[in-house]
Amino acid sequence: MFHLLDIIGTMAFAMSGALTAMSKKLDPFGVFIIAFVTAVGGGTLRDVMIGRTPVGWMQDLTYVYVIILGFILTILFRKKLDKLRTSLALFDTIGLGVFTLIGIQKGIDYQLHPVICIALGTMTACFGGVIRDILCTEIPVIFREEIYATICILGGIVFFILRKMNLENDVLYLITSLVIIAVRLMAVKYKWHLSPIEHKK
Amino acid sequence: MFHLLDIIGTMAFAMSGALTAMSKKLDPFGVFIIAFVTAVGGGTLRDVMIGRTPVGWMQDLTYVYVIILGFILTILFRKKLDKLRTSLALFDTIGLGVFTLIGIQKGIDYQLHPVICIALGTMTACFGGVIRDILCTEIPVIFREEIYATICILGGIVFFILRKMNLENDVLYLITSLVIIAVRLMAVKYKWHLSPIEHKK
Amino acid sequence: MFHLLDIIGTMAFAMSGALTAMSKKLDPFGVFIIAFVTAVGGGTLRDVMIGRTPVGWMQDLTYVYVIILGFILTILFRKKLDKLRTSLALFDTIGLGVFTLIGIQKGIDYQLHPVICIALGTMTACFGGVIRDILCTEIPVIFREEIYATICILGGIVFFILRKMNLENDVLYLITSLVIIAVRLMAVKYKWHLSPIEHKK
């Protein structure tokens with residue numbers, strides 16, 4: 001089940017990357033790379049920083065195939081995807097929750113401090129998008145307006161509070177991802193955002 | 001012989017990086033870093049992702065010296081390099097072929113799947129240029145118009161098809177690099193390129 | 001003593017990153033990430049390239065706490081920091097000296113060639129700022145005008161010359177960091193800079 005959600009999240013991230021790249025008028029190779037990087041960039045950065053190499057997607061080809069599929073689907077159905085925007089946003093949000101948990105779990109596997117685990121969860125979920133934006137020479141959207149990373153951090157805190165209570169891993173995972181997904185959906189619905197810090201030079 | 005081609009490719013990549021950086025009016029340190037990154041950035045990214053550390057150029061100073069030489073030559077002869085553009089493009093193309101093979105070979109050494117090996121080859125040959133463009137805040141040229149990475153992927157496929165036929169390593173290397181070099185030269189000559197995917201918002 | 005200077009440098013780098021991010025109108029999360037990356041980005045890049053993983057700040061939470069403190073102080077006192085500009089520049093310069101030494105020492109620990117050690121020192125001191133600028137989609141300031149990295153290289157050369165003379169480690173560290181700090185302060189005072197290389201297309 002969890003693995004299925006991971007796949008859905010990967011596909012959604014790849015498709016959102018491909019859509020961004022197409023709006024930038026990149027060629028098919030550029031679109032593919034941006035799709036790839038959006039989907040696995042965060043996890044790759046995490047793996048490289050904790051020394052888990054060769055990085056994840058090199059050892060399990062599922063991700064590569066899912067991204068190729070997402071890339072092809074996006075190109076084929078690019079004119080119809082606008083109507084599916086709500087579904088895509090939902091899948092993207094599932095990815096946010098699942099990727100945060102995967103990152104946290106990797107930190108625990110490497111016996112790192114909870115603060116670092118939360119950082120790894122946030123990195124896994126959000127930094128694919130950061131690399132995507134940098135490759136498109138835009139200031140990363142999550143640094144500007146989207147309340148996105150903050151939700152991952154919040155989810156991570158919930159995770160470690162619940163963990164202290166000795167809940168079972170399955171329950172822990174379920175509640176944390178539901179919290180992340182629910183808060184994110186509310187953030188989108190009610191247009192929550194972080195304001196820039198006012199600072200006159 | 002192969003090592004000599006590697007050196008020629010490194011020099012050509014460093015010089016192309018230095019030229020790009022000078023056109024951006026960077027100072028000498030900036031020009032040097034861009035030359036360096038263009039030459040070894042792809043291989044560094046590959047090494048970091050597969051866990052081959054300290055990365056290549058830290059263990060064999062030849063690359064550093066070749067890049068320093070390329071940097072100095074570019075600055076000294078910057079006004080004459082325009083006339084040598086054809087030679088430079090040829091050397092650059094040799095680099096493309098050789099770097100792709102080196103990347104594929106590293107993947108095989110780490111017992112990775114052929115698909116991943118081809119990705120590593122393409123990364124080795126093309127991502128120095130990607131990092132160069134990002135450091136100059138431009139959308140990477142290989143994502144936009146240049147048919148460049150696609151040729152590396154094609155070369156990688158040829159490599160693994162021939163490998164199935166149990167050809168000797170030397171022959172395998174020779175044919176693959178000739179294929180990459182020949183296709184690239186034709187692509188330049190006949191101005192082949194990938195078109196952006198049409199996508200109205 | 002040395003550790004204290006490391007902390008001061010980290011704090012100064014975090015604050016300078018936060019100030020840059022605020023001038024770009026990033027939201028608080030963006031400001032925090034830029035502060036973080038400016039402070040530890042260079043060392044992270046170094047650790048990843050030499051294979052020292054999990055990277056430094058994941059193993060010693062002091063850095064994370066110092067950066068959080070620097071982030072909060074910058075936000076609280078953002079209107080008064082202009083008056084403290086001189087002190088901030090001094091602390092930043094201390095960071096430059098200390099970080100260069102830390103990077104060189106890591107290279108020595110990994111038994112790398114002096115040339116590579118100097119590269120690692122420069123990377124540690126300067127590439128946090130490079131990543132900061134890239135995340136803000138600006139061409140890195142140290143590639144354009146600031147004489148900054150050149151001073152780290154100079155300091156590194158001084159370090160290895162003195163080391164040949166069998167000086168004690170403490171003396172070696174002290175002299176090198178004083179050289180870097182003194183030259184940098186003079187460079188700021190007398191507005192030394194590297195000129196772009198003239199190059200007409």
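This note sets out points on a predicted model, from the arrangement of its chains to local backbone features.

1. Basis of the model. The model is predicted, so local features need pLDDT of at least 70, side-chain atom pairs count only at pLDDT 80 or more, and totals for chains, interfaces and linings use all residues. Residues are numbered from 1 along each chain as its sequence is written, chains are lettered from A and ligands numbered from 1 in the order in which they are written, and side-chain values use heavy atoms, with hydrogens and water left out.

2. Relation of chains A and B. Chain B is superposed on chain A by a rotation of 120 degrees with 0.0 Å of shift along the axis, at an RMSD of 0.0 Å. The two copies are thus related as by a three-fold rotation axis. The superposition is by least squares on the C-alpha atoms of residues with pLDDT of at least 70 in both copies. Within chain B, the residue that comes closest to the rotation axis is T137(B), its C-alpha at 3.5 Å. The copies use different surfaces, since 9% of the contact residues of chain B recur in chain A; contact means heavy atoms within 4.5 Å.

3. The unreviewed UniProt entry lists "domain: Glycine transporter" at residues 4-78 and 90-163 of chain A. UniProt positions are given in the numbering used here, feature names are shortened, and annotations may be inferred rather than shown by experiment. In the model, residues 4-78 of chain A are 83% helix and 0% strand, with end C-alpha atoms 24 Å apart. Residues 90-163 of chain A are 77% helix and 0% strand, and their end C-alpha atoms lie 27 Å apart. Helices (H or I, at least four residues) and strands (E, at least two) are DSSP runs, numbered from the N terminus.

4. The unreviewed UniProt entry places "transmembrane region" at several spans of chain A, including residues 84-104 and 110-135. Residues 84-104 of chain A are 95% helix and 0% strand, and the end C-alpha atoms are 30 Å apart. For residues 110-135 of chain A the figures are 85% helix and 0% strand, with the end C-alpha atoms 30 Å apart.

5. Packing of helices 5 and 6. In chain A, the axes of helix 5 (residues 85-109) and helix 6 (residues 114-135) come within 7 Å and cross at roughly 140 degrees. Helix 5 of chain A is therefore oblique to helix 6 of chain A. Axes are lines fitted to C-alpha atoms, for helices over the stretch in contact, and angles run from 0 to 180 degrees between N-to-C directions. Angles under 35 degrees count as roughly parallel, over 145 as roughly antiparallel, 65 to 115 as roughly perpendicular and the rest as oblique. Residues of helix 5 of chain A in this contact include L96(A), F99(A) and G103(A), and those of helix 6 of chain A include C117(A), G121(A) and T124(A).

6. Cis peptide bonds. The bond from T53(A) to P54(A) is cis, with omega near -15 degrees. P54(A) is in the loop between helix 2 (28-50) and helix 3 (56-59) of chain A. In chain C, T53(C) and P54(C) are also joined by a cis peptide bond, with omega about -10 degrees.

7. Positive phi angles. K191(A), not a glycine, has a positive phi of about 55 degrees and lies in the segment after helix 8 (169-189) of chain A. K191(A) is exposed, at 68% relative accessibility. Q111(B), also not a glycine, has a positive phi of about 55 degrees and lies in the loop between helix 5 (85-109) and helix 6 (114-135) of chain B. Q111(B) is exposed at 74%. Buried means under 20% relative accessible area, exposed over 50%, and partly exposed in between (1.4 Å probe, protein chains only).
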